[in-house]
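Subject: Structure handover and findings

Hello,

Please find the structure below, followed by notes on what was found in it.

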2 protein chains.
Amino acid sequence: MTDLAQYTNRQIRLASRPVGRPNASNWQHTSEPVQPPEPGGIVVQNLSLSLDPAMRGWMNEGKSYIAPVAIGDVMRAGGVGRVIASQNPRFAVGDHVSGALGVQEFASIPESAIKAGTPTHIDLKQGTLNQWLNVLGMPGMTGYFGLLDVGQPKPGETVVISGAAGAVGQTVGQLAKIKGCRVIGIAGGKAKCDFVTKDLGFDGCIDYKAGPSAIRDGLKLHAGNGVDVYFDNVGGDILDDVLARLARKARVIICGAVSQYNNTEPVQGPKNYLSLLVNRARMEGIVVFDYADRYPIAVAELAGHLRSGRIKSREHVERGLSTFPTALTKLFTGENFGKLVLQVAEDDGTRIP
Amino acid sequence: MTDLAQYTNRQIRLASRPVGRPNASNWQHTSEPVQPPEPGGIVVQNLSLSLDPAMRGWMNEGKSYIAPVAIGDVMRAGGVGRVIASQNPRFAVGDHVSGALGVQEFASIPESAIKAGTPTHIDLKQGTLNQWLNVLGMPGMTGYFGLLDVGQPKPGETVVISGAAGAVGQTVGQLAKIKGCRVIGIAGGKAKCDFVTKDLGFDGCIDYKAGPSAIRDGLKLHAGNGVDVYFDNVGGDILDDVLARLARKARVIICGAVSQYNNTEPVQGPKNYLSLLVNRARMEGIVVFDYADRYPIAVAELAGHLRSGRIKSREHVERGLSTFPTALTKLFTGENFGKLVLQVAEDDGTRIP
């Protein structure tokens, strides 16, 4: 068993609740010695952490699909890592795992969490560590069940995806192509649009930064017969523009609203929501945790597509725990290109300063 | 066959498209002689016309679920009447019918319309003429299929209905009671609330005119465990307040948005729409015409409930074709109490001046 006394666990804790976009003052950097695992527990060295728009919601007070992070607590984050000490027969030192590891370098997981199902083993033959945070992780699961279970796309239908170059959007679009749909992405800038059309094989992409009527013009061009499925990661004006072009019996999947998360004003409601009436369409939310018992099915299918090359993945890797506060804001400026991950140690466990 | 030459057909035509609430200047009163039916056609004397919030939408230009009424055309309206001349073997003089009769005293129906399915025979043993515009008519069909097909309520669930004392709301609430749900209405004023609780048997009613926090307080009281099904006829702030209290996996049926129809501003989008995400809930539009092939099933069930007294109906009857412009505005002020109908002739055909 690794000598834990050699390690200090650096951590990032929520110091205050942000108003608008999070900044340095919302975070507290702490460190503490790594303790041996509790009876039945394990200690994981975190290797890569998942940075997601949903984190912004967890920083707010109030009822949501998950409890808020308490002031003073280590910030919640999904991550992948390696077991370095174990008092639990289900985990051996050296095992690779994925779970709620937190924004820190080491995670002490109690037996109760293990019994509740986190972390889980991951198999690096199915995908790289970072792919386990992307296509094979929460974003991939969200895309898979959001598109297939909520969106129910049929071959030949037109599927539009906002945040197309992002973590969830990548999986949604490539999976919709595999299911025989016409797939149009919405992304910010030419580079991201080129990526989703040329690298990921989408049928078209609309650059929302190209001008105030870019979305409306782009939808007219690419979705002339209407949008059958819209997978929404952004909300705001883009949601309204897509609502205005729904096809009969369309399905709108509400996965997120990254344009609204840092609002200090109330959320912008979709003024075109009556398009749901005119088109007998449906708008429905997805929370990925509801599908936990079916993750293995989705992982098996998506890992197969990764192996065959039918699904590609792109991660945007930031390095070093201390860069977390600035890395996180990239999600809200669109500076990340691909799934944003924060690598806090090399794959072999060498720590990144 | 009746001597048609004795009749002049008074009509109300759309003179201009309203900005905001319709007023007298939007209407043109005309009259023309009643002509004998075309080959294959019939002439109907209109007895009662259905006045509905949806009419406001038909007065606007632009794409919707149905073409707008053209300037100069007789205003579109559903109605019930009696065949007074027929060149069609499916209709005999004296038959009672329901269909798109228009805001006029006589409707000349061409063979093409009959082939397309309007009008249809109605059986006065199943309900009165006015009930055929209410529970057995479009509002009843809308409530029936909106609640059962889109809302899919389960016994024990909490169903909330705005416009509860109105045409659609009456059917929805009583049907939800029959299906074993807890039913909470939202209506304007004590009289309407008393009606839906005491006469119609709803479990509770929230008077939205009782103060700015009336809906929020009322939902806390009556729907403490959340709203499973919300049948929305009104939109606006009430929709937002209900969204804030959805239960997990709730269904929101978008039937109309009468609070928004006379807006000169853009429609007020529901700023709490992300409650759909948090609660994995669904918001879906209904257009009754989609269910036309199943109307007979719904009519049979609802007529049975009318006969047994399990469903009651209330109509607000205005009299005389020329009162149409003022009668219509009652839908937008909430002055009507029950399904608004405009009787243009007595049941025996005596014309109302």
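Which residue of S10(B) does B:Ile184 stand opposite? The residue is B:Gly204. Please keep in mind throughout that this is a predicted model.

The sheet

That pair belongs to the contact between strand S9 (residues 182-187) of chain B and S10(B), which run parallel and are joined by four bridges. Both strands are part of an open sheet of 12 strands with mixed pairing, in the order S10(A)-S9(A)-S8(A)-S11(A)-S12(A)-S13(A)-S13(B)-S12(B)-S11(B)-S8(B)-S9(B)-S10(B). Its edge strands are strand S10 (204-207) of chain A and strand S10 (204-207) of chain B, each of which pairs on one side only. From one strand to the next, the twist averages 15 degrees.

Two helices of chain B lie across strands of this sheet. Helix H6 (residues 214-222) of chain B lies across S9, S10 and strand S11 (227-232) of that chain, and it runs at about 165 degrees to S10(B). Helix H7 (residues 236-243) of chain B lies across strand S8 (158-162), S9, S11 and strand S12 (246-254) of chain B, at about 170 degrees to S11(B).

Strand S9 in chain A

Strand S8 (residues 158-162) of chain A pairs with S9(A) in the parallel sense, over five bridges. Within this pairing A:Val159 stands opposite A:Val183. S9(A) is largely enclosed by the rest of the structure, because six of its six residues are buried. Burial applies to both faces: A:Arg182, A:Ile184 and A:Ile186 are on one side, with A:Val183, A:Gly185 and A:Ala187 on the other. In a regular strand, side chains alternate between the two faces of the sheet.

A:Ile184 is located in strand S9 (residues 182-187) of chain A. A:Ile184 counts as buried because it has 26 C-beta neighbours inside 10 Å, where the cut-off is 20 or more. Leaving out residues up to four places away in sequence, A:Ile184 touches A:Thr158, A:Val160, A:Phe202, A:Asp203, A:Gly204, A:Cys205, A:Ile206, A:His222 and A:Ala223. A:Tyr230 is 46 residues from A:Ile184 in sequence, and the two are 9.6 Å apart from C-alpha to C-alpha.

Where the chains meet

On chain B, 25 residues are in contact with 25 residues of chain A. Helix H8 (275-278) and strand S13 (282-285) of chain B are the elements that give two or more residues to the side of chain B touching chain A. S13(B) supplies the largest share of that side, four residues. By type, the residues on this side of chain B are 15 nonpolar, five polar and five charged.

Strand S13 (residues 282-285) of chain A and S13(B) run antiparallel and are joined by three bridges. A:Met283 has B:Met283 as its bridge partner in S13(B). B:Met283 counts as buried because it has 30 C-beta neighbours inside 10 Å. Not counting residues up to four places away in sequence, B:Met283 touches A:Leu276 and A:Met283 in chain A, together with B:Val252, B:Ile254 and B:Leu276 in chain B. B:Cys193 is 90 residues from B:Met283 along the chain, and their C-alpha atoms are separated by 26 Å.

Two helices

Helix H9 (residues 295-308) of chain B has 14 residues and reaches 20 Å from its first C-alpha to its last, close to the 20 Å expected at 1.5 Å a residue. Its buried residues include B:Ala298, B:Val299, B:Leu302, B:Ala303 and B:Leu306. They lie on the same side of H9(B), because they cover an arc of only 125 degrees around the axis. Helix H3 (138-151) of chain B is included in what covers the buried residues of H9(B). On the face turned away from the buried side are the exposed residues B:Ile297, B:Ala300, B:Gly304, B:Arg307 and B:Ser308. Just after H9(B), B:Gly309 takes a positive phi of about 85 degrees.

In helix H3 (residues 138-151) of chain A, 12 of the 14 residues are buried, so the helix is largely enclosed by the rest of the structure. Among them are A:Met138, A:Tyr144, A:Phe145, A:Leu147 and A:Val150. A:Gln152 follows H3(A) and has a positive phi, near 45 degrees.

Regards

How values were computed. Residues are numbered from 1 along each chain as its sequence is written. Chains are lettered from A and ligands numbered from 1 in the order in which they are written. This is a predicted model: local features need pLDDT of at least 70, side-chain atom pairs count only at pLDDT 80 or more; totals for chains, interfaces and linings use all residues. The expected span of a helix is 1.5 Å times one less than its number of residues. The arc is that of the directions from the helix axis to the C-beta atoms. Two residues are in contact if their C-beta atoms, placed from the backbone, lie within 7 Å. Ala, Val, Leu, Ile, Met, Phe, Trp, Tyr, Cys and Pro count as nonpolar, Asp, Glu, Lys and Arg as charged, and the others, Gly among them, as polar. Two strands pair if DSSP finds at least two bridges between them. Axes are lines fitted to C-alpha atoms, for helices over the stretch in contact, and angles run from 0 to 180 degrees between N-to-C directions.
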